[in-house]
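Reader: I'm new to this one. Could you show it to me and let me ask how you know what you say about it?

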Amino acid sequence: MRYSPRVDRIAGEGAAAWRIHMEAVDARQRGEDIIVMSIGDPDFATPPAIVETAVQALQAGDTHYTGIAGRQELRAAIAREVEACGGPAVTAENVIVLAGAQNALFSASLCLFSPGDEVIVLDPMYVTYEATVQVSGAKLVSVPALPDSGFRPDLDAIEEAVTERSRAIMFANPCNPSGVVLTREELEGIAEIARRHDLWVISDEVYGSLTFEQDHIMIAGLPEMAERTVTAASLSKSQAMTGWRTGWMVGPKELIAHAEHLSLCMLYGLPGFIQQAALTALGNARGEMDRMRDIYLSRRNRVIEGLEGAGKLSVVPSESGMFLLVDVRETGMTSLDFAWALYREEGVSLLDAAAFGSSTAGYVRLSYTLGDEALDEGCRRICRFVSRL
Ligand SMILES: Cc1ncc(COP(=O)(O)O)c(C=O)c1O
């Protein structure tokens with residue numbers, strides 16, 4: 001039987017990067033002594049108040065179809081959240097509730113891009129972006145950050161990448177895998193390029209509430225950016241709710257109306273009991289976000305300390321989130337070989353960060369979504385492995 005050429009565009013390198021992680025998870029399930037540091041799924045339980053709201057809603061029969069774009073109350077709460085985080089003045093009509101930020105990015109791609117278009121994506125990039133852009137038929141144009149600058153965006157390179165086919169600039173702020181949080185100057189530089197060349201900006205802000213030393217700034221809140229910015233975000237990381245698949249897209253009303261048509265034939269709205277839980281997450285469970293952020297920060301510091309003895313490795317301290325990059329080039333191994341050898345010899349799984357783009361070749365991504373004891377043991381094993389090289 002024949003398939004659409006689209007199936008090739010959605011099966012790229014990104015999918016292959018997860019092999020080491022899948023193996024590690026399987027081995028751990030078989031009872032092997034494996035430390036999984038390769039996934040960005042918070043180890044915290046979803047806060048009890050959120051779970052309780054969902055349970056009560058289920059018991060009350062909130063188990064039927066809901067409105068496609070999401071309940072008005074939840075869309076309004078998200079709009080308030082956007083404003084509270086320094087975003088533009090928006091209303092419920094600027095918001096559509098979707099199945100996670102990934103679903104929002106995918107929807108944005110289908111609503112905005114066509115074959116022949118180019119989408120400038122800042123590298124390193126989250127592994128799904130390639131397929132997310134290419135599913136629309138558009139071409140992904142990667143603009144590598146400079147490793148020597150700590151993976152900060154290169155504004156001149158972004159400007160140079162613009163052609164008459166360019167339709168958008170896309171990035172995650174904060175970034176996965178680098179943890180870089182874009183500064184006001186960097187965002188103003190990107191906004192200026194977008195305005196000058198009449199481009200959309202797709203800003204993935206799933207880690208927005210998990211910045212450590214500096215505030216997260218929403219690019220949509222900069223002058224004249226609300227009309228050309230699509231913000232994707234979710235509760236996955238901020239409230240340890242990855243499995244709830246609860247996220248949203250915020251943008252111009254016209255785009256939200258198009259996304260609603262797409263959702264009508266793709267998703268048909270999120271379950272009501274999950275939307276009720278999301279309301280609790282954005283309301284009285286909000287303090288949990290700060291608690292989790294503080295724990296991630298202390299874990300980041302713990303890993304930096306734990307890897308101090310690993311002579312040939314150099315850690316890039318992250319500014320946010322639950323990952324950090326480790327430069328393994330001095331070991332003489334490729335990052336892929338390093339990750340597999342570490343896994344086979346010491347039972348620690350990391351991800352080859354080359355999967356996130358050319359700028360992170362030679363780096364591995366370490367996730368600190370583990371308790372202190374496991375983190376310490378993981379670091380000890382990494383140091384032992386490196387000392388043998
Ligand atoms: C940068 C980035 N964007 C989007 C996602 C997907 O988030 P969600 O669970 O909201 O779909 C992830 C998940 O790891 C991510 O790291």
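This is a predicted model: local features need pLDDT of at least 70, side-chain atom pairs count only at pLDDT 80 or more; totals for chains, interfaces and linings use all residues.

Reader: How do you know which domains the lining draws on?

Author: Count what each one gives: at least three residues come from domain 1 (6–45 + 288–387), and at least three from domain 2 (61–282). Helix 5 (72–84), strand 7 (229–234) and helix 12 (287–306) each supply at least two residues.

Reader: What makes a space a cavity rather than a pocket?

Author: In a cavity, a 1.4 Å probe fits but cannot get out, whereas a pocket is open. One cavity of 30 Å³ or more turns up here, and the largest cavity holds about 130 Å³ of space. Its lining has 12 nonpolar, no polar and two charged residues.

Reader: Why are helix 6 and helix 10 called roughly perpendicular?

Author: The axes of helix 6 (residues 101–112) and helix 10 (residues 253–266) cross at roughly 110°. Angles of 65 to 115 degrees count as roughly perpendicular, so helix 6 and helix 10 get that name. Among the residues making their contact are Phe106 and Leu110 of helix 6 and His258 and Leu262 of helix 10. By class, that contact has eight nonpolar, three polar and no charged residues.

How values were computed: Residues are numbered from 1 along each chain as its sequence is written. Side-chain values use heavy atoms; hydrogens and water are left out. Axes are lines fitted to C-alpha atoms, for helices over the stretch in contact, and angles run from 0 to 180 degrees between N-to-C directions. Helices (H or I, at least four residues) and strands (E, at least two) are DSSP runs, numbered from the N terminus. Angles under 35 degrees count as roughly parallel, over 145 as roughly antiparallel, 65 to 115 as roughly perpendicular and the rest as oblique. Contact means heavy atoms within 4.5 Å. Ala, Val, Leu, Ile, Met, Phe, Trp, Tyr, Cys and Pro count as nonpolar, Asp, Glu, Lys and Arg as charged, and the others, Gly among them, as polar. Domain bounds come from an automatic or database domain assignment. On a 1 Å grid over the protein atoms alone, a cavity is a set of points where a 1.4 Å probe fits but cannot get out, and a pocket is an open set with protein on both sides within 12 Å along at least five of seven lines; lining residues have an atom within 4 Å of a point. Grid points are joined across faces, edges and corners, and a volume is the space filled by probe spheres set on the points.
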